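This report concerns salt bridges in a protein model. Please consult the sequence and the structure while reading.

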Amino acid sequence: MNKLIINTEVTKGHISKDIQGQFSEHLGRCIYGGLYVGEKSEIPNENGMRKDVVKALKDISLPVLRWPGGCFADEYHWQDGIGPKETRKKMVNTHWGGVTEDNSFGTHEFFELCRQIGCDTYVNGNVGSGSVREMNEWVEYMTFEGLSPMSTLRKENGSEAAFPLKYFAMGNEPWGCGGNMTAEYYANEYRKYQTYVRQYGKQKIFKIAAGANAGDYHWTETLMKNAGQFIDGLSLHYYTVPHDWQHKGSALGFNEKDYYETLKKTLFMDELITRHSAIMDQYDKDKRVALVVDEWGTWYDVEEGTNPGFLYQQNSMRDAMVAALNLNIFNKHCDRVRMANIAQLVNVLQAMILTEGPRMLLTPSYFVFKLFKAHQENELLDSHMLTGEIEAEGVKLPAVQESCSLDSEGAVHITLVNPGLKDTQVVTIETNGLHPSHVVGRMLSGPMDGHNTFDDPDQIADQPFVSFTTTRHGLIATLPPCSVVHVHLAVK
């Protein structure tokens, strides 16, 4: 028996909607064919953006989108992606497959996509192969309303109004593909580059420094010590890889041991956030600087017969469990984690959506985000899960994991994860005197390798959750194996 105790009168932080952010890179078929097909495509589109994909992203209330990379960001020169498309400069995408990038999707197209979705914008600038002047002029081009060379150029290219730029990062993974820099060197580069990211518009640009690779705590210490006063957000990258980087394993051809090892590795995210946050606390006791987990998710070997540089992989219930476990972790750390961006949005790594020509399907990970969207902009509630462990294939995991929040109307939202493959988990939920007038739930459940295909796109989807009974003190919920459950306790 598991017991969840919720103190509905005590809140512990604000859950930013941007924790459920997404990431889109010029990589494989994420942009081209996934999000953007061009105005002349026979696939239904609005200004080149796929209508089916945009609708799906609106349905999960996608809050913020990161672009253009990733590693691609540090070889992207923004002026190649503006002006008439037939005259835009072509380039070789050296990081991802060596394919030709025609730059038909650039700055204007990105902001148009975000306008259609209704999400905030997160742009990643080029430090690795760019210049301070180039970055400064890009920010001027995007955000300056008055008369200047860059604002005039933007208007000539069809946008009279400035673009709503909310987040801007200085480089990506400078410890690796973004320049193989030391922490000390990048800290000085960040200080210099961010100086010229001017605040032209009314909206303050939230400046993000490229942070650590997983457990590189020295990187965080160095950045906070040497540049912390200039940083609004510090990023963190951590991918869940079942085996190792040389033999990552298959997205579908896995066994129970692979399943449990994957979940064990993804739970390392909690330790990473805890330890990086502790370092940040030494230099920022008021938690002004956000921890931005702007690359996370599963990474497997690519699907057989696909371009190795396109990072195309299927998506199963195992990935859904990874997504749910991480989103609960982010909620619990919302005092420091104020944005996260799963990698990536369409057709790449742990994607929400897969496309094949005119066809589109929603992955199990998509439905997790659909369940979790109820937490957006809520207050994290003080909660305690009294649970045991499940032990399988030599791996120990908590039998049930959760997070709880309070929305603006006084309703309580609970997300519960049962990672076990064999047993149901009964959870007694005590709500500390709150007596809900109405309880409704939805869930996602299925076999560990359950997934959707273009021939059978509806095998895995969310459905009503009715396995609960109300009590004097709250309710009792029965979670099926390999499941994610959202329970909404209304008070009116």
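## Basis of the report

Helices are DSSP runs of H or I with at least four residues, and they are numbered from the N terminus. The model discussed here is predicted. Side chains of opposite charge can pair when their charged atoms come close. The structure holds 32 salt bridges, and three of these pairs are described below.

## A pair within one helix

Arg133 and Glu137 form a salt bridge, with 3.0 Å between the closest N and O atoms. Both residues belong to helix α3 (residues 132-143), and because they are four residues apart, about one helical turn separates them.

The two partners may also be described by their accessibility. Arg133 is exposed, having a relative accessible area of 62%, whereas Glu137 counts as buried at 17%, since buried means under 20%.

Lys12 lies in strand β1 (residues 2-14) and Asp382 in strand β16 (residues 379-386), so that the pair links distant parts of the chain, 370 residues apart. Asp382 has 13% relative accessibility and therefore counts as buried.

## A pair between two loops

The side chains of Asp335 and Lys287 meet in a salt bridge of 3.6 Å, N to O. Asp335 is in the loop between α9 (317-332) and β13 (337-343), and Lys287 is in the loop between α8 (268-283) and β12 (290-298); the pair therefore ties together parts 48 residues apart in sequence. Asp335 is partly exposed at 33% relative accessible area, and Lys287 counts as partly exposed at 23%.

Through salt bridges that share partners, Asp281, Asp284, Lys287, Asp335 and Arg336 are joined into one network.

Notes. Residues numbered from 1 in each chain as written. Predicted model: local features only at pLDDT ≥ 70, side-chain atom pairs only at ≥ 80, totals over all residues. Heavy atoms only, no water. Salt bridge = Lys/Arg side-chain N within 4 Å of Asp/Glu carboxyl O. Buried < 20%, exposed > 50% of the residue type's maximum accessible area, 1.4 Å probe, protein only.
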